[in-house]
Amino acid sequence: ALRIRRVRVIACLGMLVIGLFVATMATPFTATRQQAFFDGENTIDTTMTYMRAEVRSLDGAMMTVRLLDGPQAGDYELVRINADSSREHELSEGSIIVVGTDSDGVVAFIDRFRVPVLIIMGTLFAVLVLAVGGRRGGTSLAGLTVGILVIGWMIVPLILQGHDAFWVCIAGAYIIAGCSIFIAHGVRRRTVISLLCIAAVLATVCLLSYLAVTLASLTGLVDETAFYLKQGSPHINLGGVIAGGIIIATLGV
């Protein structure tokens with residue numbers, strides 16, 4: 001028992017150290033190809049580069065920032081920002097934010113830089129689960145990780161490639177359920193019975209979500225985000241995304 005407690009303490013301390021290191025080194029510096037600007041019926045491509053910046057001074061609708069990433073690190077730039085946005089994001093001198101530059105070199109305010117805080121919160125969550133749940137908590141975290149990977153590496157890419165979101169989410173839900181159950185609880189008779197029950201419930205939810213979306217004529221076009229997504233990827237069925245979201249959410253239950 002003493003050895004198990006030592007291993008648990010070492011594992012928790014190791015996760016904390018790794019999480020703090022990643023939070024310290026995290027940076028959003030990257031360049032991506034976007035289709036975000038519309039000129040009539042034409043779409044204008046632009047390359048947007050994101051980087052961290054430190055707010056040095058605020059003056060109404062303008063602020064002076066010092067870039068922290070990329071080849072321009074250390075340079076000072078003037079960034080336009082509305083006074084309401086400044087109060088909304090609680091900006092002050094020393095705040096770390098994310099700015100974006102386009103192909104013309106125009107620097108624009110994007111948002112607060114929250115990655116380190118999110119990494120620390122996620123690490124503390126994992127440490128608490130491991131400290132309280134022990135080996136069972138560790139296997140549950142492994143199952144949760146598998147679910148996140150399936151969503152990020154399978155479901156979302158397949159939807160973006162044009163596959164039907166409804167059927168992709170159904171396949172992903174069954175994969176997540178099977179992997180999570182077996183990883184967290186092992187291969188036993190009770191686990192198999194539990195998985196069969198989950199499969200039956202998911203089948204029922206798939207039918208009900210399809211009927212709900214079809215009978216209510218839910219299109220998914222509810223805000224400008226959905227509109228731009230539809231403009232950039234017209235092959236995506238947003239109604240199928242809604243039904244698939246219901247199915248994925250059912251896994252939590």
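Q: In which helix is T250 found?
A: This is a predicted model: local features need pLDDT of at least 70, side-chain atom pairs count only at pLDDT 80 or more, and totals for chains, interfaces and linings use all residues. Residues are numbered from 1 along each chain as its sequence is written, and side-chain values use heavy atoms, leaving out hydrogens and water. Helices (H or I, at least four residues) and strands (E, at least two) are DSSP runs, numbered from the N terminus. Residues 238-250 form the helix that holds T250, namely α7.

Q: Is T250 buried or exposed?
A: Buried means under 20% relative accessible area, exposed over 50%, and partly exposed in between (1.4 Å probe, protein chains only). T250 has a relative accessible area of 19%, so T250 is buried.

Q: Which residues does T250 contact, leaving aside its neighbours within four places in sequence?
A: Contact means heavy atoms within 4.5 Å. By that cut-off, T250 touches L202 and V205.

Q: What is the volume of the largest pocket?
A: On a 1 Å grid over the protein atoms alone, a cavity is a set of points where a 1.4 Å probe fits but cannot get out; a pocket is an open set with protein on both sides within 12 Å along at least five of seven lines, and lining residues have an atom within 4 Å of a point. Grid points are joined across faces, edges and corners, and a volume is the space filled by probe spheres set on the points. For the largest pocket this comes to about 310 Å³.

Q: Which lining residues lie nearest the centre of the largest pocket?
A: The lining has 16 residues. Nearest the centre are A177, T250, L251, G252 and V253.

Q: Why do α1 and α3 count as roughly antiparallel?
A: Axes are lines fitted to C-alpha atoms, for helices over the stretch in contact, and angles run from 0 to 180 degrees between N-to-C directions. Angles under 35 degrees count as roughly parallel, over 145 as roughly antiparallel, 65 to 115 as roughly perpendicular and the rest as oblique. The axes of α1 (residues 2-25) and α3 come within 9 Å and cross at roughly 175 degrees. The two helices are therefore roughly antiparallel.

Q: How many nonpolar residues does the contact of α1 with α3 have?
A: On the α1 side, residues including M15, L16 and L20 meet α3 residues, among them I119, L124 and L130. By class, three residues of this contact are polar, one is charged, and the nonpolar number 16.

Q: Where is S217 found?
A: S217 has a positive phi of about 55 degrees although it is not a glycine. At 55% relative accessibility, S217 counts as exposed. Its place is the loop between α5 and α6 (224-232).

Q: What distance separates the C-alpha atoms of I81 and F109?
A: I81 belongs to the loop between β4 (76-80) and α2 (83-88), and its relative accessible area of 3% makes I81 buried. I81 and F109 are 28 residues apart along the chain, yet their C-alpha atoms are separated by 6.8 Å.

Key
Nonpolar A, V, L, I, M, F, W, Y, C, P; charged D, E, K, R; others polar.
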